[in-house]
Amino acid sequence: MLLPKTGVAQETLDIGLLIANKSQRSAYHQLAVQFEKAYPNITINYIVQDDKHYKHAIDTWLQQETGPDVLYWQAGNRLKKMAASNLIEPLDTLWLEQRWGEDFPLDIQHTLRYNQRIYALPYAFYQWGIYYKKSLFSSLNLSVPETWDAFLEVCAALKQKGINPIVIGGKDSWSVAAWFDYLNLRINGLDFHQQLMNGAIPYTDKRVVQVFNTWKKLIDLKYVVFTVDNKNWQEALPYIYHDIAGMTLLGTFAKHHISNLRSDDIGFFRFPQLKSHMPLYEETPIEVFMIPKNAQHKESARLFLTFVGQHKVQTKLNLALGYDSPYLYATAHRLYPVDSSAPVGQRHGVIAQYFDRDTHKAMSLKGIEIMAEFLTTADVSRATSELEKARLRAFSQAP
């Protein structure tokens, strides 16, 4: 449902974007073309930054007297922090007008709420899971493992054939946090994970120690190759192509980086289950648009969000981005359901974002550094005590 076209004079709508590659730039350009065709009195001006610079710029933009009219951001703790600081507009009225409450899953809506108000429009998401080479598994008669015991059996079989079971890109280190997140979600569940991310539970808790002991087993058995030779996650993908390593844990954003010659032979499966009674909570980072309090063209900003809130627009945008649309009726190419235990529209709060999106910024930066070190030392006591020191520092400074 679109809002009526306005009769206002020509306006320029400034939109802040985090763009990682050329295909994303092209996707957002086409979105602007579509929008300007629908609203010829509004011109889109993208303010484009890469990941590192965007996360610095957004803090500046939100604190200025005037800033961009629409901003890209990320659901979960990062969004809620800005809502708590009264830096972004609540969008409850727009959600009611567009009936988006009927169009987006409850678990996704949950990541957009703070104090019972909703602050963003979700337009894209991606899932994390394990990439592997299908032909390698087939040649070794290996099946995709659904349980942790089966996963360890696959690792052992690969190791026996001289193939490193798991590769982790070490140059940027951040992807290592996915292993901690998934092990904690599979062992301790989402409620515990969120409390830990919010600083309410010490990292020396025995349940966190269990996570690290489980992780340590992979390291002690030499199932993990951490590419300390300055290869990032993209540069580690050829390890999979050439049977140097059997598996790697990444988000589906990796699809655009997989060689076209290899894409049909690269498979993807969900992180294995460790406890049979524990629901399969997933890492599902969600991309959103929000309107800053200091935006100058809020009516036009709402028109833009309304336009992006259409399922056909989201479908087209996400096909170009390589992501999926969170819209219930969009054409999706999801690789596995977020939760098979309940219909998509009935789920509530069953997904996590990612370590750096879910916890305090200072905790994230230091935490990822400690986890990367753990891959080389496998020292559980040291890792958990250092993480606890980081938690105490970070959350004593939290607003």
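Colleague: How far apart are the mean positions of the positive and negative charges in the protein chain?
Modeller: The mean positions of the 42 positive and 40 negative charges are 2 Å apart. Lys and Arg count as positive and Asp and Glu as negative, while His and the chain ends are not counted; each charge is placed at NZ of Lys, CZ of Arg, CG of Asp or CD of Glu.

Colleague: What kind of model is this?
Modeller: It is a predicted model, in which local features need pLDDT of at least 70, side-chain atom pairs count only at pLDDT 80 or more, and totals for chains, interfaces and linings use all residues. Residues are numbered from 1 along each chain as its sequence is written, and side-chain values use heavy atoms, with hydrogens and water left out.

Colleague: Where is His-193 found?
Modeller: His-193 lies in helix α8, residues 177–197; helices are DSSP runs of H or I with at least four residues, strands are runs of E with at least two, and both are numbered from the N terminus.

Colleague: Is His-193 buried or exposed?
Modeller: His-193 is buried, as its relative accessible area is 0%. Buried means under 20%, exposed over 50%, and partly exposed in between (1.4 Å probe, protein chains only).

Colleague: Which residues is it in contact with, leaving aside neighbours within four places in sequence?
Modeller: His-193 is then in contact with Asp-181, Asn-184, Leu-185, Ala-352 and Asp-358, contact meaning heavy atoms within 4.5 Å.

Colleague: And how many helices and strands does the protein chain have?
Modeller: The protein chain has 15 helices and 14 strands. Of its 399 residues, 56% are buried.
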